[in-house]
Amino acid sequence: MPHDPMPRLLREMRLLRLYAGALTLAFVAVLLTAFKAPDPHFERLSVERLDIVDADGATRMVLANQQRFPPPMLNGETFKRAVTPAGLVFYDRKGNEVGGLALTDVEAGKVSALAFDNPNMDAIGLMTRIGADGEPISSGLQINQAVPSHVKVLDAAKQATRRIAIQNDRNDAEILLADASGKDRIRLRVDRAGDARIEVLDADGRVVFSAPEAATRTP
């Protein structure tokens, strides 16, 4: 009776399958070792612009140099900046600019400003100015008049007025309170010589009250 070769063939096929499976696992192990994720720690990154986005891709923050700094965006409309700084821009969920950090360096001097916005214009800003000669000019905090949100951006800019300023202007320390038209109505001042003064002004800029009374100053 002839010998049946089938059992032997089945055993050899099983061995071949096991051998192929072992090779596949070994190959996968080699690939995983070769393409192991690098250490996420970086000592230094060099980029010209970095965009931080939400999970849906909406931009919420941009860090950029002067050449790649984005223009202002409000209600889907793009505007031109007076100067192009390097710095950081913040956006709301609709893509509107809501504030930022701007660093300018031009021939006329340097300005560094941290600002937060109302819906259609700057609301508050912290600023320093350095002259072209490298000497400090001023540093301080400014709070602007709020313009109703329905007013268009360019019209709101024309209506923009400073209401409050706390500043060091060439080493004269001042607190200025203005009316809705931007005219200073109260000045509190300690000048670089150490002389202190309080003044109340009318709408035409005339001093109607001052203390100490002996001090004199031209409005």
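**First stop: two hairpins**

Select S6 and S7, which form a hairpin with two residues between them. Strands here are DSSP runs of E of at least two residues, and helices are runs of H or I of at least four residues, both numbered from the N terminus. The model is a predicted one, in which local features need pLDDT of at least 70 and side-chain atom pairs count only at pLDDT 80 or more, while totals for chains, interfaces and linings use all residues. Residues are numbered from 1 along each chain as its sequence is written, and side-chain values use heavy atoms, with hydrogens and water left out.

The pairing of S6 with S7 is antiparallel and runs over eight bridges; two strands pair if DSSP finds at least two bridges between them.

Tyr91 has Glu97 in S6 as its bridge partner. Five residues lie between the strands of this hairpin, where Gly95 takes a positive phi near 90 degrees.

**Second stop: Met73**

Select Met73, which belongs to strand S3 (residues 73–74). Is this residue buried, exposed or partly exposed? Met73 counts as partly exposed because its relative accessibility is 28%; buried means under 20% relative accessible area, exposed over 50%, and partly exposed in between (1.4 Å probe, protein chains only).

Now show its surroundings. Leaving aside residues up to four places away in sequence, Met73 touches Thr78, Gly95, Asn96 and Glu97, a contact being heavy atoms within 4.5 Å. A distance drawn between the C-alpha atoms of Met73 and Val98 reads 9.3 Å, although the two are 25 residues apart along the chain.

The largest pocket holds about 1,200 Å³ of space. Of its 44 lining residues, select Arg81, Ala115, Asp117, Asp122 and Met127, the closest to its centre. On a 1 Å grid over the protein atoms alone, a pocket is an open set of points where a 1.4 Å probe fits, with protein on both sides within 12 Å along at least five of seven lines; lining residues have an atom within 4 Å of a point. Elements giving two or more residues to the lining include strand S8 (122–131) and helix H2 (153–159).

**Last stop: the whole chain**

Zoom out to view two helices and 14 strands. Of the 219 residues, 21% count as buried.

Technical notes. Points joined across faces, edges and corners; volume = space filled by probe spheres on them.
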